[in-house]
Amino acid sequence: MVTFYINTKGFEVTDKWEANCWTSIECPTAEEHNFLLSGLEVPESFLSDIDDNDERPRREEEDGWQLIVLRVPYRKDSTSRIDYTTVPLGIIIKDDVFVTVCNYKLDIIDDFIVYSIRKQITVANHYELALRLMLSTSVWFLKYLKHINIHMMQVQNELQETVRNKEIMELQRIDNSLVYFVTSLKGNDVLFYRMVHTKQIRDICDEELIEDVEIELKQAEETTNIYRNINHSLSNSYSSLISNNINTTMKQLTSITVILMLPTLIASLFGMNVINYLENDPFAMAYIIGASIISSLILYVFMKKRDLF
């Protein structure tokens, strides 16, 4: 889907492409792909890079064109192996052309448009718009991190009631999302510093905007690390608890086996076809049962005192 935006007091939709407009393409079709190649003459190598879901954050130049690849957060559907991941967002710039391309439908773009209209944001140049998109990306990392934290607390509450494999696997799903987040944020951070240390960009971009992007990036990265450490601590604690419960259960089963073995031993000894001086006693059965019960009770008390039961 392709959408054209013009910047007046915020970004507003326009019907067709015009110079210096923002061309936003999400989930591009073959026709939109051809528009980029033939209509705007975007290098095909740039589009190939964006199509790679594992593309890392970077900045590249080719024949006057510039490609900036960001990793942006993306919420997956409930059937997926993980809840959140990151996907590449390509920003393509040349003269009066500004294009963003992503193979997924993102919450970030729509939210940024609404925010720009509410705050009546105007951008002086393409690089300033790229930095604002980077700022919005960091803000959405923080929004999704709040959702992850709520989910993590819910799993923790469930684990306090009963320790099951389901909840442990949920913690693993959360950790997978946090791994994607922390890796992508580090890459975005490196990309940001390479961009702002370019004289061409620093001279034309607002210093306050650069500072805001830096603060949000650092906050998102630090928050992700904190949540990941908490999640690791929870996982390790409950894994240890499960292991301890298994050890306790095995210890109890072993104690029960030992207690039951003693009556079996006594009955076996006096049940053999040999002289045992009880073969003619009418109360032999009572003696054997009594001895089995008394010995089992003595063994039980002994194990209880030794905390073996």
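The model is predicted: local features need pLDDT of at least 70, side-chain atom pairs count only at pLDDT 80 or more, and totals for chains, interfaces and linings use all residues. Residues are numbered from 1 along each chain as its sequence is written, and side-chain values use heavy atoms, with hydrogens and water left out.

R59 is located in strand β4; strands (E, at least two residues) and helices (H or I, at least four) are DSSP runs numbered from the N terminus. With a relative accessibility of 26%, R59 is partly exposed (buried means under 20% relative accessible area, exposed over 50%, partly exposed in between; 1.4 Å probe, protein chains only). A polar contact of 2.6 Å links the side chain of R59 to that of Q66. Beyond four places in sequence, the residues touched by R59 include Q66, Y127, L191 and I201, contact meaning heavy atoms within 4.5 Å.

Strand β4 belongs to an open sheet of 7 strands with mixed pairing, in the order β2-β1-β3-β7-β6-β5-β4; two strands pair if DSSP finds at least two bridges between them. The edges are formed by β2 (10–14) and β4 (58–62), each of which has a single partner strand, so one side of each lacks a neighbour in the sheet. On average, neighbouring strands of this sheet are turned by 25° against each other, direction ignored. Strands β1 (residues 2–8) and β3 (residues 22–26) run antiparallel and are joined by 4 bridges; W22 in β3 is the bridge partner of Y5. Helix α1 (residues 30–39) packs on the sheet, where α1 touches β1, β3 and β7, and its direction makes about 145° with that of β3. Axes are lines fitted to C-alpha atoms, for helices over the stretch in contact, and angles run from 0 to 180 degrees between N-to-C directions.

Rings of Phe, Tyr and Trp (its six-membered ring) were paired if their centres lie within 6.5 Å, with planes under 30 degrees apart counted as stacked, over 60 as edge-to-face and the rest as tilted. This rule gives 12 aromatic pairs. One of them is the tilted pair of Y74 and Y104, at 4.9 Å centre to centre and 50° between the planes. Y74 lies in strand β5 (residues 65–75) and Y104 in the loop between β7 (97–102) and α3 (107–119), 30 residues apart. Y104 is partly exposed, at 22% relative accessible area. The ring centres of Y84 and F181 are 6.3 Å apart and the planes are at 65°, so this pair is edge-to-face. Because Y84 is in strand β6 (residues 84–94) and F181 in helix α5 (residues 165–196), the pair ties together parts 97 residues apart in sequence. Both Y84 and F181 are buried. One aromatic cluster comprises Y5, F11, W22, F98 and F112.

Helix α5 also holds D175, which is buried at 11% relative accessibility. The side chains of D175 and H232 make a polar contact of 2.9 Å. Apart from neighbours within four places in sequence, D175 contacts R228, N231 and H232.

Conventions
A polar contact is a pair of N or O atoms within 3.5 Å; within protein, one must be able to donate a hydrogen and the other to accept it, and residues adjacent in sequence count only if both atoms are side-chain atoms.
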